[in-house]
Amino acid sequence: MRIDVVTLFPDMIQDGCRYGIPRIAQEKGLLQLGTWNPRDYSRNKHRNVDDRPYGGGPGMVMQVQPVAEAITAARAEGQGPVIYLSPQGRRLDQTAVRRFAELPHAILLAGRYEGIDERLITRHVDEECSIGDYVLSGGEPAALVWIDAVTRLLPGALGDEESALCDSFMDGLLDYPHYSRPEVVDDLAVPAVLTAGNHAEIARWRLKQSLGRTWRRRPDLLEQIDLNEEQQALLAEYIREQQTMESDGNP
Ligand code: 4GX
């Protein structure tokens, strides 16, 4: 996959992709990363790329011409959509990440200042994408989130192909708890089922924990999926055990 990022801070993107999976994906040739700085396309002697908003008000707006030309330059690198990172976009979730990971090319537009001229969106942006309902000071951290989530799904990027299949969200559920050595930390022991070596029981326990945690912490996610009979039975078991603990007065 090739990803081109239009940004006033190309080093933020390049440096952020020098770690972890995005780094490994680049080293393996699975990810090609390019950055395009609108400032390089400014016709202003001070290399300005912003101007005051029509209608007044605080802050500055990114100008059409330098951003449009940076996008045009990035377009020469592939056929992918232009995706503008903004809180007005459709929320990024794992379903969208899987869809993006199938693209051979994408151009990410990371804005600064109070925003970009709306006509850039009208003419040059194919899709708006939000990483969550909060306001960043620029699109670059959102672009890095996008790149990280997408890159780890590129075939061969994780090394251990099973990891992505076992992900939290693979079945639309939260992750189960993980443990490693030592067997006891302070007064906290590893759940006995994980050390007993019955792999069917371990899988059953993990699925039950995933279901139970999703039920407790993210009931909105449970509403989006249809549980099969095994899953319904395991969740019922989890809820029953939960109620038993409450009436026992145990934590
Ligand atoms: N998920 N931001 C975009 C620039 C901007 C400012 C005002 C339009 C209007 C964000 C998010 C996000 C901050 C990126 C503002 N654009 N991006 N940037 N949440 O907060 O993606």
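In this predicted model, Tyr113 lies in the loop that runs between strand S6 (105-109) and strand S7 (115-116). Tyr113 is not a glycine, yet its phi is positive, at about 60°. Most residues other than glycine have a negative phi, and most peptide bonds are trans. This briefing covers backbone geometry and the surroundings of one proline.

**Residues with positive phi**
- The loop between strand S2 (32-36) and strand S3 (50-51) holds Arg47.
- Arg47 counts as partly exposed because its relative accessibility is 39%.

**The cis peptide bond**
- Arg181 and Pro182 are joined by a cis peptide bond, with omega at about 0°.
- Pro182 is found in the loop between helix H7 (161-165) and strand S9 (184-185).

- Pro58 belongs to the loop between S3 and strand S4 (61-62).
- With a relative accessibility of 74%, Pro58 counts as exposed, because that class begins over 50%.
- Leaving aside residues up to four places away in sequence, Pro58 touches Pro53 and Glu114.
- Pro58 and Pro177 are 119 residues apart along the chain, and their C-alpha atoms are separated by 47 Å.

Notes: Residues numbered from 1 in each chain as written. Predicted model: local features only at pLDDT ≥ 70, side-chain atom pairs only at ≥ 80, totals over all residues. Heavy atoms only, no water. Helix = DSSP H or I, 4+ residues; strand = E, 2+ residues; numbered from the N terminus. Buried < 20%, exposed > 50% of the residue type's maximum accessible area, 1.4 Å probe, protein only. Contact = heavy atoms within 4.5 Å.
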